[in-house]
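User: I would like to go through this structure with you, one region at a time. Could you begin once it is on screen?

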Amino acid sequence: MIKIIEPYFSFDDIEADFKKIFSSGVFTKGKYNIELRKQLCQFTNNQNSYLTTSATTALYISLMALNLPRGSLVGVSDFTWPASAYVIAQAGLKPIMVDVDVDTFNVSIDTLSEVEEDIKALIFVDALGNTSNIDEIYSYCIENNIFLIEDAACSFGSKVNEKNIGSYSDVSCVSFHPRKLLNSGEGGCIVTNNEKLSEVLEIQLNVGASLSSNKLFPDFVDMGYNYRLPELQCAMISHQIKIIESIVLSRHKIYADYCNSLLPLGFKSQKFNTNTLSNIQSAVFVVPETIKRDELIIFLRDRGVESILGTYSLS
């Protein structure tokens, strides 16, 4: 079976790190946790990073940290995994679906400017790894006082203007799910340069505790969450960050082969802006009108090729 994606590491790559963790007896909030947070900051050029149990919990805690009035309107890309919108409702806010560009599958200036409601924040989804338009959207959000959350679940390793994810948003949320290029089974992270938000995240992601160097015990000053990422998973991610650029390069080569074979048959590939380097988290094509998508998925499966629909139209 040709799988949609497989891990880019083996047990041999991380065995030594696992042995160190078991030998230390520290399975959470240890040196691998600290080191991974540093790596994430360095790679994305952000001052702050926070580890979570998934991109979904990263999105949720980012929304909660904004402390918006209950019922506030939050825009979200209409073409995405449902969790991108679930978290808005779960945070006591109201999701407003924002249409996407037919070529990039991302929110654009044109689609966002058509939204009539007064949204307070926007979750911009890097559709299937594609970060096209986010630089323009960020400028628009700054001008219109809209807080921009980048749902970068799929896009670690993608770039806009040669800058990594997290460069054109107030906060970015990443996934470490097995379908992603960085895979620890489950997990996620938040990266941000917003210091005010970081102060809130530092407390809330520490179960609401504020630490002080001159006190023996912490003060619990806010509600908090237990969304920790264990040391074993941190070791797995840390290894993969070191090879992420070679992973992206290899996926571009495979994607080029798919394009060479499928475009002449009438398939249409996802568009990437000229200033965008996608990590090709998924090789995505619009199926010709003469072919039924679901029948094609079954046809390919019966011949040992795994495929799936791109993602969902939430509205």
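Analyst: V26 sits in the loop between helix 1 (11-24) and helix 2; helices (H or I, at least four residues) and strands (E, at least two) are DSSP runs, numbered from the N terminus. This is a predicted model, in which local features need pLDDT of at least 70, side-chain atom pairs count only at pLDDT 80 or more, and totals for chains, interfaces and linings use all residues. Residues are numbered from 1 along each chain as its sequence is written, and side-chain values use heavy atoms, with hydrogens and water left out.

User: Is V26 buried, exposed or partly exposed? And what does V26 touch?

Analyst: V26 is partly exposed, because its relative accessible area is 35%; buried means under 20%, exposed over 50%, and partly exposed in between (1.4 Å probe, protein chains only). Leaving aside residues up to four places away in sequence, V26 touches I21 and E231, where contact means heavy atoms within 4.5 Å.

User: Which residue in that loop has a positive phi although it is not a glycine?

Analyst: K29, which lies in the loop between helix 1 and helix 2, has a positive phi of about 55 degrees. K29 counts as partly exposed because its relative accessibility is 48%.

User: Next, the helix pairs. How do the axes of helix 2 and helix 8 cross?

Analyst: The axes of helix 2 (residues 31-44) and helix 8 (residues 231-241) cross at roughly 35 degrees and come within 8 Å. Axes are lines fitted to C-alpha atoms, for helices over the stretch in contact, and angles run from 0 to 180 degrees between N-to-C directions. This crossing of helix 2 and helix 8 is left-handed, that is, the near helix is turned anticlockwise from the far one by less than a right angle; clockwise would be right-handed.

User: Which residues make that contact?

Analyst: Helix 2 contributes K31, Y32, N33, L36, Q39, L40 and F43, and helix 8 contributes E231, C234, A235, I237, S238 and I241.

User: And what about helix 3 with helix 4?

Analyst: Their axes come within 9 Å and cross at roughly 35 degrees, and the crossing is right-handed. T56, L59, Y60 and L63 of helix 3 meet A83, S84, V87, I88 and Q90 of helix 4.

User: Which residues of helix 4 are buried, and what do they pack against?

Analyst: In helix 4 (residues 83-90), the buried residues are A83, S84, A85, V87 and I88. They pack against helix 3 (55-66), strand 2 (73-77), strand 3 (94-98), strand 4 (121-125) and strand 5 (147-151). Just after helix 4, G92 has a positive phi of about 80 degrees.

User: Changing topic, which residues are buried in helix 7?

Analyst: L197, S198, L201 and Q204 are buried in helix 7 (residues 195-204). Seen down the axis of helix 7, they fall within an arc of 135 degrees, so they line one face of the helix; the arc is that of the directions from the helix axis to the C-beta atoms. K196 and E199, on the other side of helix 7, are exposed.

User: Last, is S155 buried or exposed?

Analyst: S155 counts as buried, because its relative accessibility is 0%. S155 is in the loop between strand 5 and strand 6 (159-160).
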